[in-house]
Structure formats: structure tokens, C-alpha cells
Amino acid sequence: MTDAELVSLAKAGDRDAFGVLVDRYKDPVYGFILSLVRREDIAGDIFQEVFIKVLRNIDRYREEGKFKAWLFMAASNMAMDYYRKEGRLAAMEISLDYETQDDGGSESLHSKIPSGEATPEQYALSYENSDRVKAALKKLSPEQLEVILLKEFSGMTFKEIALTLGEPLGTVLARMSRGLKKLRAELEAENGNA
Amino acid sequence: METLDHSEKVLLYHYGELPEPERAAFERHLADCPDCRATLGVLRGVHMVLADAAAPSALVEGLKGRFGTKWYQALFHRHVLRLAAAGACVSAAFIVMTSVNLSNRADFTERTIVSGAKFDVKVSTSAGKETPAEKKPAALSYQKDDIDALMDEISAISSSMESL
């Protein structure tokens with residue numbers, strides 16, 4: 001059953017239909033929110049509020065828009081609000097924790113970053129330390145992080161994301177490209193500092 | 001698509017959104033470009049790091065429990081609001097139509113209090129008194145004020161219902 005069909009049933013009062021939509025999108029929506037706010041308790045609250053808000057406004061959903069885009073836009077608005085208010089502080093805390101771990105002399109990621117002859121797979125494997133990548137992600141601007149996370153979790157095409165955000169496609173691509181450039185620079189800078 | 005630079009093409013390539021003619025060309029470029037390979041590596045690394053997120057089942061069940069009750073509250077709320085709005089509109093239409101009917105009567109004497117002031121409108125079609133041309137502006141002006149006040153009241157009711 002398509003999202004639009006399920007939404008039609010939900011509008012008519014079918015709770016099970018909305019439950020199917022929840023089951024369909026719970027993991028990517030939760031992953032998206034958690035990656036932005038970095039706290040499970042906050043992510044859980046926002047996750048519930050997103051679906052409750054969507055349910056309350058289900059009558060406003062129109063067939064021409066994709067439900068997934070609508071849902072992720074709601075999640076993005078709520079999570080980004082929190083991120084802008086609280087995320088900066090959380091990012092600083094993570095950053096400090098991170099430096100402390102380095103001082104402890106644990107095996108560094110930096111020595112694993114391959115040289116220029118490496119394949120993309122070898123580069124990717126060098127980022128298997130997820131804490132470092134997540135910490136580097138937090139150093140991006142909210143807008144850069146939003147695009148990267150929307151792309152990763154929503155499964156929407158860049159064109160769909162551009163429509164959802166109300167931005168030109170080129171702007172979305174440029175924003176993500178700059179974000180990745182910064183991310184890579186952060187990871188390589190740590191390599192240089194090791 | 002032709003205006004994109006390699007840092008943007010690598011994104012489309014990674015997510016399978018680069019059309020085939022350009023995809024093959026980009027793969028040839030990739031073989032000679034360590035910069036693009038490194039960016040592709042970062043993309044794949046980010047994907048690996050973010051891939052394991054899953055909503056806790058207790059959270060999802062809690063959500064379903066919440067909208068189990070909220071659902072009917074929301075539906076009930078919407079239906080009550082719609083009924084109230086429809087009732088207000090019907091009442092408003094009835095009042096307006098009644099007022100218009102009164103103003104269109106050939107002979108009438110109306111004594112009305114609006115905002116504490118008294119207005120006497122005395123109209124007669126008898127010869128030698130007021131002509132229809134003289135009476136209509138006064139009657140229409142009075143009706144307009146009345147309708148404006150009514151519309152203000154309807155707006156206030158709508159706002160208060162929205163805030164619910």
C-alpha cells in the first residue's frame with residue numbers, strides 16, 4: 001500500500017494505517033533526529049512529537065506532496081530548532097571529550113588514513129571509528145549537517161530534497177559539497193595533529 | 001548537469017543519481033583523481049557511521065499508545081470546531097439576510113441603538129416627504145456598520161476557535 005493510500009485511510013480515522021506509516025519511517029526518522037541532537041532522551045521526545053504533529057495535521061496533507069518529504073520536513077524543523085538552541089553546546093562537550101581520549105594514548109585513527117593512491121573503500125575503512133566521524137559531523141554548520149543527514153536518512157533524491165527545503169538543486173549540492181569538504185578537512189587535520 | 005563541478009558530481013555518483021553517460025565519464029575521472037576518491041571515501045564512511053540507527057521499540061510502542069488517545073481527541077476536536085464554525089456562519093448569514101430584508105422594505109421606522117448612540121431612521125414613500133434617493137444612503141450606511149460589526153464578531157469567534 002502506498003503512503004498516499006495509507007494517509008487517506010488515516011484521514012478517515014484508521015489508526016492502524018497511521019501505525020503502518022510509523023513503522024515504515026520510524027528508523028530513518030529516529031536516526032535523522034538522533035544524529036542531529038545527539039541525545040537519546042531528546043531524540044525520543046522529538047521523534048514522538050514529530051509523529052503526533054503530523055497526525056494532528058494529517059488533513060493538510062495533499063496528494064501532490066510526498067508524505068516522506070512532509071514527514072522529514074517536520075522532523076527537520078523540530079530537530080533543527082533544538083540543534084540551533086542546544087547543539088552548539090553539545091558539540092563543544094563532545095569535542096572536549098574527544099581530546100581527552102586522544103591524550104589517553106588509544107590507537108589513533110590518524111595513522112590509518114591512507115595516502116593519495118588509496119581507493120574510496122580504503123578511505124571509507126579509515127573512518128570506521130564512528131565517534132570521530134560523528135564528532136567531525138558536529139563541526140559542520142546546521143544547514144550543511146541538515147542536508148547530509150536528510151540525504152542519508154530520507155532516501156530522497158537531491159531534487160526532492162531541494163523541493164522540500166525550497167532551495168535550488170545547485171544550492172543543495174553546493175551546501176553538501178562544502179560540508180563534506182569541511183568534514184574531510186576536520187578528519188585530515190586530526191591526522192596531521194596526531 | 002554540465003555546469004556541476006567534480007565535487008558535486010561525486011555526490012550524485014555516490015547516491016546513484018548521475019545519469020549513465022556522465023557516470024562512465026566520472027568513473028574514468030575517478031581513476032586519476034585522488035581528491036575525488038578521498039571525497040567518495042568520506043561519503044562511504046559517513047554512510048557506514050550513520051547506518052546503524054534504529055528507533056527503540058519501546059519508544060515506538062509509546063508513540064502508538066499516545067496517538068491511540070490523541071487520535072480521537074484530535075478527530076473530536078476537529079469535528080467540534082467544524083460544527084461550531086458552520087453554526088456561526090449559518091447564524092451570521094441569517095442575521096445579515098434578515099437585516100437586508102428589513103432595509104429593503106418600502107416603509108419602515110426603525111429605532112436602533114448602536115454603540116450607545118441612538119439613530120432614528122424614518123422613511124416614507126409618501127409624496128412631499130423623503131424620496132427613495134434620499135433615504136437609501138442612510139439606510140445602506142447603517143447596514144454597512146452593522147455588517148462590519150458582525151464580521152468583526154465572527155473573526156473574533158474564529159480566532160478564539162483557532163486558539164483552541
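Author: In α3(B), the buried ones are C36(B), R37(B), A38(B), T39(B), L40(B), G41(B), V42(B), L43(B), G45(B), V46(B), V49(B) and L50(B), where buried means under 20% relative accessible area with a 1.4 Å probe, protein chains only. That makes 12 of the 17 residues, so α3(B) is largely enclosed by the rest of the structure. Helices here are DSSP runs of H or I, at least four residues long, numbered from the N terminus. This one covers residues 34-50 of chain B and reaches 24 Å from its first C-alpha to its last, close to the 24 Å expected at 1.5 Å a residue.

A quick word on the basis: this is a predicted model, with local features needing pLDDT of at least 70 and side-chain atom pairs pLDDT 80 or more, while totals for chains, interfaces and linings use all residues. Residues are numbered from 1 along each chain as its sequence is written, chains are lettered from A and ligands numbered from 1 in the order written, and side-chain values use heavy atoms, leaving out hydrogens and water.

Now the neighbours. Across the two chains, 53 residues of chain A are in contact with 42 residues of chain B, contact being heavy atoms within 4.5 Å. In chain A, R15(A), E152(A) and R184(A) lose the most area to chain B, together 15% of what that side buries.

Finally, α3 of chain B supplies at least two residues of the lining of the second largest pocket, as do α2 (15-37), α6 (130-137) and α7 (142-154) of chain A. The largest share, four residues, comes from α2(A).

Technical notes:
Expected span 1.5 Å × (residues − 1). Buried < 20%, exposed > 50% of the residue type's maximum accessible area, 1.4 Å probe, protein only. Buried area = accessible area lost by both parts, 1.4 Å probe.
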